[in-house]
Amino acid sequence: RFDISVVTGDFLTPLSAWYARKMGLPIDNIVCCCNENHPLWDLICQGQIRTDSLSVLTSIPEANVTLPMELERLIYDCKGSGEVLRYLEICNRGALYIPDAHLLNKLQKSLSVSVVSSQRVKDTIRDIWRTHGYMLTQTSSLAYAGAMDFRVKNGVTRPVVILSDYDAMQDAKEIAEVLNISIYNSGLLREETFNMFYISPYFISTLPVFDIIQQQVPFIIFL
């Protein structure tokens, strides 16, 4: 068996894990990770969720939500269309949604929630790079840190799968700032747009830059 950890701005991914578990995939815990925007934590841990709250702007757009998108699908699976209509009506009024004890208990048994600060996301990117040489995206870092918090809190040692469909190039600017990497955009070379990364001041001009350029690789990381 294994756990799954995922960022929950869009609830489709944890919902997919929910259905996969129901169909027999050996998933134990589904760890939903939030940052300063943590409506799902409010729902699972506090038993209520504000539907009129304002989003806190962070560098992770996927997590900058006040209500997890597609949450109504999970509510439907747990309690049916009547509860979904009640939830949507409350959202339309911008009121406080409070599930009944039965629904809340079912949600708490099925999902776990971790809250990770933006600073912790940056620290995790830096720490993983230094210790393992692996470059996490911001989304992956949020899911990783949330999973580690869950494991420590609950004494869990089983494998965990970090679900993230982003690569480091999509967070290039933010990752470069965290790792103190200077970014040099070479512009149009041989009619190919390409990005070259290097750690300043350790860039050495005698590195075979142009030999690599001739191989038409999309980007280069010099370390």
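This is a stop-by-stop tour of the structure, with something to select at each stop.

**Before you click**

You're looking at a predicted model, where local features need pLDDT of at least 70, side-chain atom pairs count only at pLDDT 80 or more, and totals for chains, interfaces and linings use all residues. Residues are numbered from 1 along each chain as its sequence is written, and side-chain values use heavy atoms, with hydrogens and water left out.

**Stop 1: the whole chain**

Start with the cartoon view. You'll find nine helices and nine strands; helices (H or I, at least four residues) and strands (E, at least two) are DSSP runs, numbered from the N terminus. Of the 223 residues, 40% are buried; buried means under 20% relative accessible area, exposed over 50%, and partly exposed in between, with a 1.4 Å probe and protein chains only. Among contacts (heavy atoms within 4.5 Å) with a separation of 6 or more, 64% join residues 24 or more positions apart.

**Stop 2: the largest nonpolar core**

Select Phe 11, Leu 40, Leu 71, Leu 74, Tyr 97 and Leu 111. These touch the most other members of the largest nonpolar core, which has 28 residues. Such a core is a set of buried Ala, Val, Leu, Ile, Met, Phe, Trp, Tyr and Cys residues joined through side-chain atoms within 4.5 Å. Elements giving two or more residues to this core are α1 (12–22), β2 (27–34), α2, α3 (71–79), α4 (81–93) and α5 (101–110). Apart from this core lies another, of 20 residues, including Ile 128, Leu 136, Phe 150 and Val 178.

Now zoom in on Phe 11. Beyond residues up to four places away in sequence, Phe 11 touches Cys 32, Leu 40, Pro 68, Met 69, Glu 70, Leu 71, Leu 74 and Leu 111. Most residues other than glycine have a negative phi. Glu 70 is partly exposed, at 23% relative accessible area.

**Stop 3: helix α1**

Which residues of α1 are buried? Pick out Pro 14, Leu 15, Ala 17, Trp 18 and Ala 20. Their cover includes β1 (2–7), β2, α3 and α5. After α1 comes Gly 24, with a positive phi near 115°.

**Stop 4: two cavities**

The whole structure holds two cavities of 30 Å³ or more. On a 1 Å grid over the protein atoms alone, a cavity is a set of points where a 1.4 Å probe fits but cannot get out, and lining residues have an atom within 4 Å of a point. Grid points are joined across faces, edges and corners, and a volume is the space filled by probe spheres set on the points.

- The largest cavity has about 50 Å³ of space. Select Val 7, Thr 8, Gly 9, Cys 33, Cys 34, Asn 37, Pro 39, Leu 40, Ala 63, Val 65 and Pro 68 to see its lining. That lining divides into eight nonpolar, three polar and no charged residues; Ala, Val, Leu, Ile, Met, Phe, Trp, Tyr, Cys and Pro count as nonpolar, Asp, Glu, Lys and Arg as charged, and the others, Gly among them, as polar.
- The second largest cavity has a volume of about 40 Å³. Its lining is Asn 35, Thr 58, Ser 59, Ile 60, Ser 118, Val 121, Lys 122 and Gln 138. Helix α6 (residues 118–132) gives the most, with three residues.

**Stop 5**

Ser 114 sits in strand β5 (residues 112–115). Is Ser 114 buried or exposed? Ser 114 counts as buried because its relative accessibility is 7%. Leaving aside neighbours within four places in sequence, its contacts are Val 31, Cys 32, Cys 33, Cys 34, Gly 146, Asp 149 and Phe 150.

Next, go to Gly 47, in the loop between α2 (39–46) and β3 (49–50). Gly 47 is buried, at 8%. Beyond residues up to four places away, Gly 47 touches Asp 42, Tyr 97, Ile 98, Pro 99 and Leu 104.

Finish on Asp 171, in the loop between β6 (160–163) and α8 (172–179). Asp 171 is buried too, with a relative accessible area of 10%. Leaving aside its neighbours within four places in sequence, Asp 171 is in contact with Thr 137, Gln 138 and Thr 139.

Note on methods: On a 1 Å grid over the protein atoms alone, a cavity is a set of points where a 1.4 Å probe fits but cannot get out, and a pocket is an open set with protein on both sides within 12 Å along at least five of seven lines; lining residues have an atom within 4 Å of a point.
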